[in-house]
Amino acid sequence: MIDLAKYAALALVMAGCLSLLITQLRTGVPAMSSSRKEALQVVALLKAAGLAEDAVIYELGSGWGAMASVLAESFPQARIRGFELSPLPYWISRLRLRRHPHIRLMRQDFFRADLTDADAVVSYLMIRPMPKLGLLLDRDLKPGTPVVSLAFWFRDRQPEAVGRAGTAALYRWPARADTTQLEETARVEETGRA
Ligand SMILES: C[S@@+](CC[C@H](N)C(=O)[O-])C[C@H]1O[C@@H](n2cnc3c(N)ncnc32)[C@H](O)[C@@H]1O
C-alpha cells in the first residue's frame, strides 16, 4: 500500500516535470518566476504610467503567480488577468492566489486571447515570442496603452522609460521607434554621400 502511494507520488512529480518541459518546448519560455524586486520594478513603471485605480492589467504568461501577487498588492482595485499555458504553474498559482478577488487566471494561450479591453499589459517572456507578441499588441491595444516587459525588450519599439535596475522597459503602445535616423545612416553608408 505504501509502495503504491510512493509510485503514485513519483508518477505525479514526473508528469508535472514533463508538462513543464513540453510547454517550454512549445512556447520557447521556461516557467521561471520574477523576483519580488523585479516585479516591483514593473509596478514602479506602471505607476509612472499613471494607471487608473481600477485598470484592467493583463499578464501574458503568469507562471506560478509571483508577479500577479505583487501587482494585486500594489494595485488593490485593479482587475488583473493572467494567461498561463503550463498546467502545473497554472494550477499552483490558482491555489496560491485563490483569495485575491481581483485576480483572474486563465489556462490559455495568450496569442489566442482578446486584449482589447486592456489598460496595461505586462510580460516576462523570452526572445522567441517577442516579435509575434508585438503584432498581437498592435492588433488589440488602444494607442497609448502602457506595456511593461521584464528582461526581454521589443527590438523594434522605443521604450518610454526603463526601470531603475535596467531590466524592465515601459512602452506606450505602439511605441514605434523613429527609424529615420537609422535609414539615413544606412543611406549614407550605401551611397557614401551625406
Ligand atoms: C518567465 S515565466 C514568468 C512568469 C510570471 N510572469 C512571473 O513574472 O513570475 C513566463 C511564463 O509564460 C508562459 N507562457 C509563455 N508563452 C505563453 C503563451 N503563449 N500563452 C500562455 N502562457 C505562456 C510560460 O509557460 C511561463 O510560465
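In which sense do strand β1 and strand β2 pair, and over how many bridges?

## The sheet

They pair in the parallel sense, over five bridges, with β1 covering residues 56–60 and β2 covering residues 79–83. Keep in mind that this is a predicted model. Within the pair, leucine 60 sits opposite phenylalanine 83 of β2.

Zoom out and you'll find an open sheet of seven strands, with mixed pairing. Reading across, the order goes β3-β2-β1-β4-β5-β7-β6. The edges are β3 (103–106) and β6 (161–162), each of which pairs on one side only.

## A look at glutamine 108

Glutamine 108 is in the loop between β3 and β4 (120–123). Is this residue buried, exposed or partly exposed? Glutamine 108 counts as partly exposed because it has 13 C-beta neighbours inside 10 Å, while a buried residue needs 20 or more and an exposed one has 12 or fewer.

Leaving out residues up to four places away in sequence, glutamine 108 touches Phe83 and Ala113. Phe83 is the phenylalanine that stands opposite leucine 60. Glutamine 108 and glycine 61 are 47 residues apart in sequence, yet their C-alpha atoms are 9.2 Å apart in space.

## What the record says

UniProt, in an unreviewed entry, lists residues 38–122 as "domain: O-methyltransferase C-terminal". In the model, that span is 35% helix and 20% strand, and its end C-alpha atoms lie 12 Å apart.

Conventions
Residues numbered from 1 in each chain as written. Predicted model: local features only at pLDDT ≥ 70, side-chain atom pairs only at ≥ 80, totals over all residues. Pairing = 2+ DSSP bridges. Helix = DSSP H or I, 4+ residues; strand = E, 2+ residues; numbered from the N terminus. UniProt positions renumbered as here; feature names shortened; annotations may be inferred. Contact = placed C-beta atoms within 7 Å.
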